[in-house]
Amino acid sequence: MPRRFNYTGRQKIRRADAAIRIVGSGPSLGFDAVLNLGTYKIDPQARVAVEAYRSRTASYKRFEYGYANNPVAPAERSLAEFHDEQGILFRVKVTMEEGGLGKLLAEADGIRPVESTGDGSTRPLLPVVCHPLDGEAWKIDFGTGSAAPMLAIDSGIPLRHQYATDPTFRAIAMPAIFRQILTRILTQEELDEEPDPEDWRSQWLEFGRRAAGTNHPEDLNDDQAVDDWIDSAVSAFARSHRFVDAIAAPTPA
Amino acid sequence: MKLRRLNDPGIQAFAAYLGNLANDPALPVPVQLLDDSAASEPLQTSAAVEARAFATRFAAAEYFHGVIAASGLAGIDRDRGLWTWLTLFYFDQLCPKDGHGKRKAGESARYVPNMDDARRFYRHLIYGPFAVYRLYQDKPQLLPVLLMNPLTVGTSETFRIFVENSELLAAPCAVDVANRLYYDPAKGKLRRGAGSKNDGGCRRLQDFINQITLTFDLQRLSADALLTMLPSEFKSFVTAYRQQASQLFATN
């Protein structure tokens, strides 16, 4: 699989500089975006656009925000076509007209809207969703595009949300999940030279770094080194949670 | 018949029927579920569907888009019951009998939608084409490459490639170029090699466009410009398109 780094020179817009909140519901569903592009080296006449999309309904809408030196929200920011806010992601693009083409200068993709609850709770690294899985009890749903992975549990399983926290399930499944996600990131995903701490890939790699005690190999084409690092992270993670003990001597219900 | 939705027992009954078809392919379609109050429920709309034959997924998508738009229904993207009810209503077209009166059903996601799975939602034989048509309702002329198959043919390779890549699907220039390269309007079908993994095939187009999205904003790129950027491996498809376009122009 290709291992891609961003060598194009386009800048990564940090999530903190592209805060998007969904407002309203139903026919009045819309969004507000706070874009802070002042700290980036971008031509002030570059154009800014915000795109809303949801892969699983093939939904997409684009909003023009004027110029980089002073992005202005358009009056029309309706997401009514999306019907509901679940699963909507955003993308911010800064482009410059060059030879009749819109050259991409900066981008943030896979932006999840800021939670409107404001209760300060942290977002789970691996959200749990339930839907029919055609015979599988669970799987990692990587979705498409820049969407973060989710743990999908078959909707036919009783108490399925609790199932994901069951000690035996965790002991058996979590190392495999961790391995699958790290493998995906290091073999298929595009990685930036300057990781965005709010990007799901960066968060999982940081999780792996903490477990393994070292950063992932710099040369991602060195399959052996990548495999060894993933093994090291997964086994350290499993040991720290004493997963074998959980199966050998399960906690009485 | 006025639109309804199957409720949970109705969906389960229909799913059981689909499962039983494997052992008994001549089982009668449980059409009684359509208006059985224990298996289905009415919707807050007077919109209705009628029995009609659709030549292609495009024709079906256009029709269902019109019906749903006129219905005023909200939350249709998560309404498994509605889409499953529609599947049952049109089941004779979606899963027709063969010459011996037997049906061979495909995977369940073709008939009972998996709305939460980004890699399966589009496999539903009605919702998948509907969702893509909705996105291009103002430019339906770009869609033959994605929706020219008959209703019974679920997911073509070109359809899958586009619908699994939201940025690609949302870019009119990408869909337009795919339509020019791979759809043969004279024959009403894809050109040979369109779905191939080899040089010039749709997967290679996806790879190429994915590469240039790192540099260009696809929404500011015209199909003509994209066409000129294609590497030589697409030459045979470009030539076929240009020849056909020039003939069409000469004819008109």
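# Reading a predicted two-chain model

Author: The buried residues of α3(B) pack against β1 (4-6), α1, β2 (40-42), α2 (57-71), α4 and α5 (127-135) of chain B. Helices (H or I, at least four residues) and strands (E, at least two) are DSSP runs, numbered from the N terminus. Buried means under 20% relative accessible area, exposed means over 50%, and partly exposed lies in between, with a 1.4 Å probe and protein chains only. Contact means heavy atoms within 4.5 Å.

Reader: What are the ground rules?

Author: This is a predicted model, so local features need pLDDT of at least 70 and side-chain atom pairs count only at pLDDT 80 or more, while totals for chains, interfaces and linings use all residues. Residues are numbered from 1 along each chain as its sequence is written, chains are lettered from A and ligands numbered from 1 in the order in which they are written, and side-chain values use heavy atoms, with hydrogens and water left out.

Reader: How many residues of helix α3 of chain B are buried?

Author: Eight of the ten, across residues 80-89, so the helix is largely enclosed by the rest of the structure. The buried set is B:Gly81, B:Leu82, B:Trp83, B:Thr84, B:Trp85, B:Leu86, B:Thr87 and B:Leu88.

Reader: What is the geometry of B:Phe54 and B:Tyr63?

Author: Tilted, because the centres are 5.3 Å apart and the planes are at 45°. B:Phe54 and B:Tyr63 are both buried. They also belong to a cluster linked by ring pairs, with B:Phe64, B:Trp85, B:Phe89 and B:Tyr90.

Reader: And charges over rings?

Author: The test is NZ of Lys or CZ of Arg within 6 Å of the ring centre and within 35 degrees of the ring normal. A:Arg91 lies over the face of A:Tyr53, 4.2 Å from the ring centre. A:Arg184 puts its charged end over the ring of A:Phe142, 4.4 Å from the centre.

Reader: How do I read a helix pair?

Author: Two packed helices are described by the angle between their axes and the distance between the axes. Here, axes are lines fitted to C-alpha atoms, for helices over the stretch in contact, and angles run from 0 to 180 degrees between N-to-C directions. In chain A, the axes of α3 (residues 200-212) and α4 (residues 223-240) come within 8 Å and cross at roughly 75°. That makes α3(A) roughly perpendicular to α4(A). Angles under 35 degrees count as roughly parallel, over 145 as roughly antiparallel, 65 to 115 as roughly perpendicular and the rest as oblique.

Reader: Which residues of α3(A) and α4(A) make the contact?

Author: From α3(A), A:Leu205, A:Phe207, A:Gly208, A:Arg209, A:Ala211 and A:Ala212; from α4(A), A:Trp229, A:Ser232, A:Ala233, A:Ala236 and A:Phe237. They divide into eight nonpolar, two polar and one charged. Ala, Val, Leu, Ile, Met, Phe, Trp, Tyr, Cys and Pro count as nonpolar, Asp, Glu, Lys and Arg as charged, and the others, Gly among them, as polar.

Reader: What about backbone angles?

Author: Most residues other than glycine have a negative phi. A:Ala58 has a positive phi, near 50°. A:Ala58 lies in the loop between β5 (47-54) and β6 of chain A, and is buried at 7% relative accessible area. A:His83 also has a positive phi, of about 70°. A:His83 lies in the loop between β7 and β8 (89-98) of chain A, and is partly exposed at 23%.

Reader: Where is A:Gly110 found?

Author: In strand β9 (residues 101-111) of chain A. A:Gly110 is buried, at 10%. Neighbours within four places in sequence aside, A:Gly110 is in contact with A:Arg15, A:Tyr53, A:Leu89, A:Phe90 and A:Ser146.

Reader: How many helices and strands has chain A?

Author: Five helices and 13 strands. Buried residues make up 46% of its 253 residues.

Note on methods
Rings of Phe, Tyr and Trp (its six-membered ring) pair if their centres lie within 6.5 Å; planes under 30 degrees apart count as stacked, over 60 as edge-to-face and the rest as tilted.
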